[in-house]
Protein chains: 6
Amino acid sequence: MHDNGYKGLNHFDNKGNARMVDISVKDDTTREAVARGEVIMQPATLELIARGRVAKGDVLGVARVAGIMAAKETGRLIPMAHPITITGVNVDFRLRQPDRVEIQARVRTTGKTGVEMEALTAVSVAGLTIYDMCKAVDREMVLGRVRLVHKSGGKSGTFERKDEDSWDM
Amino acid sequence: MHDNGYKGLNHFDNKGNARMVDISVKDDTTREAVARGEVIMQPATLELIARGRVAKGDVLGVARVAGIMAAKETGRLIPMAHPITITGVNVDFRLRQPDRVEIQARVRTTGKTGVEMEALTAVSVAGLTIYDMCKAVDREMVLGRVRLVHKSGGKSGTFERKDEDSWDM
Amino acid sequence: MHDNGYKGLNHFDNKGNARMVDISVKDDTTREAVARGEVIMQPATLELIARGRVAKGDVLGVARVAGIMAAKETGRLIPMAHPITITGVNVDFRLRQPDRVEIQARVRTTGKTGVEMEALTAVSVAGLTIYDMCKAVDREMVLGRVRLVHKSGGKSGTFERKDEDSWDM
Amino acid sequence: MHDNGYKGLNHFDNKGNARMVDISVKDDTTREAVARGEVIMQPATLELIARGRVAKGDVLGVARVAGIMAAKETGRLIPMAHPITITGVNVDFRLRQPDRVEIQARVRTTGKTGVEMEALTAVSVAGLTIYDMCKAVDREMVLGRVRLVHKSGGKSGTFERKDEDSWDM
Amino acid sequence: MHDNGYKGLNHFDNKGNARMVDISVKDDTTREAVARGEVIMQPATLELIARGRVAKGDVLGVARVAGIMAAKETGRLIPMAHPITITGVNVDFRLRQPDRVEIQARVRTTGKTGVEMEALTAVSVAGLTIYDMCKAVDREMVLGRVRLVHKSGGKSGTFERKDEDSWDM
Amino acid sequence: MHDNGYKGLNHFDNKGNARMVDISVKDDTTREAVARGEVIMQPATLELIARGRVAKGDVLGVARVAGIMAAKETGRLIPMAHPITITGVNVDFRLRQPDRVEIQARVRTTGKTGVEMEALTAVSVAGLTIYDMCKAVDREMVLGRVRLVHKSGGKSGTFERKDEDSWDM
């Protein structure tokens, strides 16, 4: 195969056609991925979310459920992603004064391919749910910095993103 | 209703329980929303995507389909979002040297509620699809700045985010 | 058509074949349905749920989200049900000492057919979610008495089930 | 961990946040669950269903398909349920004079967690489908007594609910 | 716009990018589409299906339910298709000696766009279901001649495919 | 069991009731299925598709994504099909002058049952997507000859349909 512009992008065959990569011969191993992101908002919006936590209007409780359920939908949203039987998901939040909610998703599976996309999808949908539930008071929120911070299991080894602090959960 | 911490968050009833807000009496009007976001990557990754555009390994073609299909899934991903019969979706990309792909989704409907969530979901899933298709060469890509830039139709009037340039599409 | 055993069951045509009944010519009106059900459990299980409400292990918060999302899935679960663009959903719970959680779902739409199935589905899935979250401590819980208690809108008029108390919500 | 009200409910972490429990290290074993429920109706409605069985308006045939398909949707309906690759489903009915249809679902898998939720979901959706197909003649039907009657496989051992007769199928 | 190879294909914008065409300004009218197809099989397989019709192993009953449910999934399967709130579906079969089952789906809606794709999808999935249920005895069945035979409603007027007989249903 | 008309159709139990066949005890093996089909069209329509391939209005690129995603939906569309964790999918096209596009899908898994239905579903939905994207210029296209051409893995051994040429991909 000559270098025709998509070398290295394994979701294309040698004619450049998109495909779901064959992983039949890969081993079943325990795999984990952790992704993070954040929603930037007005301080007053963060205040509303924070108060809801101690009272009852629990934005983050709904966003957590949305994120966990979205992890299970990943294979249906991302065209070339393999369907994966996830074995565990946690979605957590940190309120950062004055203006942001940080989101973390940890996904586990025992299977032939990693769960990066599941973790990233969980973070994104949890963030979009926060947006949805607060948009009546703050239309200008921004979902940002959605990124992979940890990955382990599988042949490619462990990945740790630099300069990420521990959430100690 | 006294101020119990979730005032203004209309996705909660007056006891703080989450609900899908009743919009039965709202008018059917033509509504539009435009959202944007970006995927930050290594310059070499952007180069691969750019070359695929002129050759055949079309990352952005697949991401566009993913974004359009995700707009239709919004009501199933976001817990309190209303199901909406979308009447039109465009997803576009701009390659920004040296290190990013910008994403824009424009969604239209004729209905009782807006399509902000549909546009934001389309952008997010298009961005996640770019991540998925390029992650074999660049694990550290970041999906960022997912935001609403325009909204029109409905009682709350037109919203234009400041400092956004025109994509002239 | 002679009486061949399915007369009155309008989900069959005059040969007895199942169909989705044609409602094209029905008017769009505002419609509402309220359904109720209950989960019977050991008193100790009810106690756990009750404590979670004041602490943070919020079984009912998760079940509420599940019920609301399930209302949106009704047309995909029930074969002959029409897809409906729901305009509002509330799911509520009452803890009844010593051994049960009562569930109520109220669903609204503006459309050509009623939302009884959506309300019943929301109650059922909220109940199943309570089961799922508590089954580690109580396998013998029973989901029961899932029933329609109110229906209004449309040509068939208002229905009120007898001997149902008001939830005053 | 102090006793903060959700002890024993393993779908919460030690801060009370909902999660999908990690089952990565559990063994793949053959597992089975059987659930039952019933739909109570007017005797005339049962008569219609019974006649449809010998004629062609086959309410129970449609409800069976709905139940089997719903078993496959369980992981998408129940927020904290693991996605499961089911390996077999049977849904059966017994007509009980004068006023009820009994429903039984048997689900099997080879995997890391049980299929109780799949069996309970199959019974519930089969029952809701009976309601849907007969509601034009009997709005007051009640779906009741949805319960687990048998469970085997996995570390927690076999469970048999007392006072359940055999269906001999 | 110069002729760049996709002129006339309205699912592409003037740069050739796929999109969901905007139909916001189209009128809501009653629309209907009828599609047909067939499954070719060994005579012995047709015989099994025919006997099942009078006995109980009802392949066609299951295929009918599958076709009706698939019509509701069309907007999720076909990338550029608009989501449509279908108002009625019929799926019918004709056994044609010696070797085929003919399938017909009739779909109706009141909306802004036609239901051709819904009718074609219903026929295809009903046919695939026949294949699935009979493949243990006949692997070489062929699903063929899936086609639109009638379309009415909307601005483009009525279409009738030539040389199609009436099913008189 | 006497011969009651559905003997050999293993998707029915010995009373003729539809079921999802129990495959719990089958071995996990690597399995592959290849299916093919075609869309017959006017030569001018084929010409448009062919030009889009070299320009940018890429009908086949969208149809490929649709086919790959549909393979993952198979277990939700076909009532008695088992959910399968697919490990690889390719969808390819051949343009055949003067009037047809041939479609081929190759699906792989490591599991307890074959992926024939997944391959056939991928071909069908890819074909329906071609229809959808070109229907504005050619309503009379026909999706035909959807068939299994190869199957390997599992106890039933390898199947090769006769008179199929090689696509050499």
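Predicted model: local features only at pLDDT ≥ 70, side-chain atom pairs only at ≥ 80, totals over all residues.
User: What makes chain A and chain B a contact, and how much area do they bury between them?

Analyst: Contact means heavy atoms within 4.5 Å; 60 residues from chain A and 60 residues from chain B take part. The two chains bury about 4,900 Å², with 64% of it on carbon and sulfur atoms. Buried area is the accessible area (1.4 Å probe) lost when two parts are put together, summed over both.

User: How many residue pairs are in polar contact across this interface?

Analyst: The rule finds 10 residue pairs, both residues at pLDDT 80 or more. A polar contact is a pair of N or O atoms within 3.5 Å; within protein, one must be able to donate a hydrogen and the other to accept it, and residues adjacent in sequence count only if both atoms are side-chain atoms.

User: Which elements of chain A each supply at least two residues of the side that touches chain B?

Analyst: They are α1 (43–54), α2 (59–77), α3 (116–134) and β4 (142–152). α3(A) gives the most, with 12 residues. Helices (H or I, at least four residues) and strands (E, at least two) are DSSP runs, numbered from the N terminus.

User: Why do β4(A) and β4 of chain B count as paired?

Analyst: Two strands pair if DSSP finds at least two bridges between them. β4(A) and β4 (residues 142–152) of chain B have two bridges, in the antiparallel sense, so the pair meets the rule. A:Leu143 stands opposite B:Val146 in β4(B).

User: Is A:Asp163 called buried or exposed, and why?

Analyst: Buried means under 20% relative accessible area, exposed over 50%, and partly exposed in between (1.4 Å probe, protein chains only). A:Asp163 has 81%, so A:Asp163 is exposed. Phi of A:Asp163 is near 60 degrees, a positive value in a residue other than glycine.

Conventions:
Residues numbered from 1 in each chain as written. Chains lettered and ligands numbered in written order. Heavy atoms only, no water.
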